[in-house]
Amino acid sequence: MSERLHVFDTTLRDGEQSPGCSMNIDEKLRVAQALAALGVDIIEAGFPIASPGDFEAVHRIASEVSGPKIAALARAARRDIERAAEAIEPAGERGRIHTFIATSPIHMEAKLRMMPEQVLERAVDAVKLARNLAPEVEFSAEDAGRSEMDFLCRVVEAAIDSGARVINIPDTVGYMTPDEFGARIRELIERVPNADRAIFSVHCHNDLGLAVANSLAAIEQGARQVECTINGLGERAGNAALEEIVMILHTRRDRYDLETGIDTRRIVPTSKLVSQITGMPIQPNKAIVGSNAFAHESGIHQDGVLKHQKTYEIMTPESVGWTTNRMVLGKHSGRAALRSRYRELGIELDGERLDEVFARFKKLADKKKEIFDEDLMAILSDESETVAERVKLVSLHAASGTGDTPVAAVELEIDGVLHKATAEGDGPVDAAFKAIKSLVEPNGELLLYSVNAITSGTDAQGEVTVRLKDGERIVNGQGADTDIIVASAKALIAALNKLPNMHARQVHAQYSGV
Ligand code: KIV
Ligand code: ZN
């Protein structure tokens, strides 16, 4: 039987640290459910000490998501570890504390201002404390890629002696090359006397585009846990992409005799869900999950694929969840069919939540003949009806045409009170945004506005993502509708609803900034 490679997903922790990728608690819960359905072994749900919201997200995921182990990150510090332990408590035996401290000379001197012996002592204390508070402990030597090998070996040995059962070797700054990194893992496994009492893990960043290659090199040398994220999200250039690692192991079983628990057919739906929730688009030529990943343009390629799929395809689109025979749901489809399709997409809906989604599905089916998977995902990400809706769109009318100045009139209900505004703009979307923004404050600086036609055809739903910045806070909103101006307004309102202290503007004479 093949050995197991444990897939540790850190989309909700390292991935969420990507600029502009922050998610609210409900969104994190949806991603966690999708990760569980995908079959990851461990979900790193967050960094509980970072904020009350982070704590709450980890706690809810630990309470509500069954299947994978739930890990919480903690610096090698008492408060962090205690908070992490509290957050994962509902996961019981599936809880893991992931504690870390930097071991490279530059990090120890410039960031921690600690001597190596102090770092070693701190690592030991942290692992011992975590071991007393959680069923399982993972220890990471941050910036291990640039750490001195003798010191790294000592820290790893001490962490294992203190009770860590997973030792993670991060290439925190994405500096390593595959040969070097693989050799580092081999040397650690060979030199550390108690290495057989722990699973070695890797966590590679993609600053030089080598995160997946470095992870594979480490796996070849004995690492049996890989830390990765959906769509390669993560700090700076991101982390190793889960979908790429898994599909390499799957497609090249001849070379890597390792099994994972991943249901590969859920890869694309999970990738789309994460992209929709974070507002981080997927580049079309991204391996596995990009919209062009299985598109054949050149005549020679098309001819080859028509004669034999394997001429130009090393894996099938269906094997990673691209659906060719799209399930056609429409206005006559019932609740059971809807629920079952969502289940196939990795999303469990029951009770009131199913009723809510079914009502929205019916509304859409009245406007659009065929409802595709993308539409179903958009129904879920169209948060204007699921987030605490302090602002609601009551009506929107926009007019534009060649030679005319675009104008929009909106009616919003803000905390139960009706407010109206009209505005002119550089286009109907601009006019609608100006009218909406004139009614609330704070109303954020627009960082991103992106529109996606989520299926083909002129009746396709437009899915809009809006990212707003208010002070230090960055929020995303999504909206989907067959009318692109309405989708845009919904996305803006969804984002506004996430801004703390947002309220109706006191005096809202007609917007003057046109
Ligand atoms: O990149 C890194 O070193 C990390 C650690 C906290 C594991 O994210
Ligand atoms: Zn990282």
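Analyst: Helices (H or I, at least four residues) and strands (E, at least two) are DSSP runs, numbered from the N terminus. This is a predicted model, in which local features need pLDDT of at least 70 and side-chain atom pairs count only at pLDDT 80 or more, while totals for chains, interfaces and linings use all residues. Residues are numbered from 1 along each chain as its sequence is written, chains are lettered from A and ligands numbered from 1 in the order in which they are written, and side-chain values use heavy atoms, leaving out hydrogens and water.

User: Is Ser-140 buried or exposed?
Analyst: Leaving aside neighbours within four places in sequence, its contacts (heavy atoms within 4.5 Å) include His-98, Phe-100 and Pro-170. Buried means under 20% relative accessible area, exposed over 50% and partly exposed in between, using a 1.4 Å probe and protein chains only. With a relative accessibility of 4%, Ser-140 is therefore buried.

User: What is the relative accessible area of Val-410?
Analyst: Look along strand β12 (residues 407-414), where Val-410 sits. Beyond its neighbours within four places in sequence, Val-410 touches residues including Leu-396, His-419, Ala-421, Ile-436 and Leu-439. Val-410 is buried, and its relative accessible area is 2%.

User: How do α5 and α6 lie to each other?
Analyst: Axes are lines fitted to C-alpha atoms, for helices over the stretch in contact, and angles run from 0 to 180 degrees between N-to-C directions. Helix α5 (residues 116-133) packs against helix α6 (residues 149-162) at about 25 degrees, with the axes 8 Å apart. Angles under 35 degrees count as roughly parallel, over 145 as roughly antiparallel, 65 to 115 as roughly perpendicular and the rest as oblique. Therefore α5 and α6 are roughly parallel.

User: How many nonpolar residues has the contact of α5 with α6?
Analyst: On the α5 side, residues including Val-119, Leu-120 and Val-127 meet α6 residues, among them Phe-151, Val-155 and Ala-159. Ala, Val, Leu, Ile, Met, Phe, Trp, Tyr, Cys and Pro count as nonpolar, Asp, Glu, Lys and Arg as charged, and the others, Gly among them, as polar. By class, this contact of α5 with α6 has 1 polar and 4 charged residues, and its nonpolar residues number 10.

User: How many charged residues has the contact of α1 with α2?
Analyst: The axes of α1 and helix α2 (residues 52-64) cross at roughly 35 degrees and come within 9 Å. Among the residues that make the contact are Asp-26 and Lys-28 of α1, and Glu-56 and Arg-60 of α2. Next to 5 nonpolar and 2 polar residues, the number of charged ones is 6.

User: Is the crossing of α8 and α9 left-handed or right-handed?
Analyst: Helix α8 (residues 211-220) and helix α9 (residues 242-251) pack at about 45 degrees, with axes 10 Å apart. A crossing is left-handed if the near helix is turned anticlockwise from the far one by less than a right angle, and right-handed if clockwise. For α8 and α9, the crossing is right-handed.
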